[in-house]
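Hi,

Here is the structure I promised to pass along.

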Amino acid sequence: APALSADETATTSQISAPADSVFATMTAAWRAEDEKVLAGLVHPDGLRVTHGGDYDRFTIYSPDQAFYYFQDLFRSRTTTEFKFRRLTDDVERGQSLAMVEWQYLLPGRKISDEIKLVVVLTLKDRQWRMAQLNSISQR
């Protein structure tokens with residue numbers, strides 16, 4: 001991600017609250033399996049999605065495509081828990097990163113599977129947008 005321009009430079013206190021607000025919105029939307037709200041949080045330049053920690057293999061979804069990505073994701077899984085564990089703000093790069101534990105049921109299963117995600121928000125026009133969704137492990 002590019003460095004912040006002079007007019008986008010922010011202090012940690014200036015970016016923490018808005019990022020927390022976006023993480024809260026994302027949590028509520030994920031738990032409700034609301035692909036429309038989630039797609040609305042996607043960065044205009046797209047959402048970079050990786051699977052299983054292989055950061056060299058990824059797909060980039062536009063905000064419109066992200067709607068269908070989330071729709072397909074939720075069609076094949078039922079969310080049982082979605083918890084954020086805040087990681088860090090990188091003020092110079094205009095990023096906020098968080099670890100997520102997502103538990104879900106697959107059709108016909110009675111025991112939840114869990115996957116850990118790293119969510120990266122970046123600033124765009126002084127608003128936080130979801131830029132990356134990286135799965136790092138699964139049990």
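This is a predicted model: local features need pLDDT of at least 70, side-chain atom pairs count only at pLDDT 80 or more; totals for chains, interfaces and linings use all residues.

The average pLDDT of the chain is 85, and 84% of the residues reach at least 70. Among the elements, H2 has the highest mean pLDDT, at 97, while H1 has the lowest, at 78. For residues 1–16 the pLDDT is below 50, although this stretch does make 29 contacts in the model beyond its near neighbours in sequence.

Now to Glu-101, which sits in strand E4, spanning residues 95–105. Is Glu-101 buried or exposed? Its relative accessible area is 17%, and because the cut-off for buried is under 20%, Glu-101 counts as buried. Apart from neighbours within four places in sequence, Glu-101 is in contact with Glu-81, Phe-82, Lys-83 and Arg-85, and also with Glu-114, Ile-115 and Lys-116.

Most residues other than glycine have a negative phi. Glu-33, however, has a positive phi of about 55 degrees and is not a glycine. You will find Glu-33 in the loop between helix H1 (12–31) and helix H2 (35–40). With a relative accessibility of 23%, Glu-33 is partly exposed.

The other one is Arg-126, again not a glycine, with a positive phi near 65 degrees. Arg-126 is in the loop that lies between strand E5 (113–124) and strand E6 (127–138). Arg-126 has 54% relative accessibility and so counts as exposed, the cut-off being over 50%.

Best wishes

Terms used: Residues are numbered from 1 along each chain as its sequence is written. Side-chain values use heavy atoms; hydrogens and water are left out. Helices (H or I, at least four residues) and strands (E, at least two) are DSSP runs, numbered from the N terminus. Buried means under 20% relative accessible area, exposed over 50%, partly exposed in between (1.4 Å probe, protein chains only). Contact means heavy atoms within 4.5 Å. pLDDT is the predictor's confidence in each residue, from 0 to 100.
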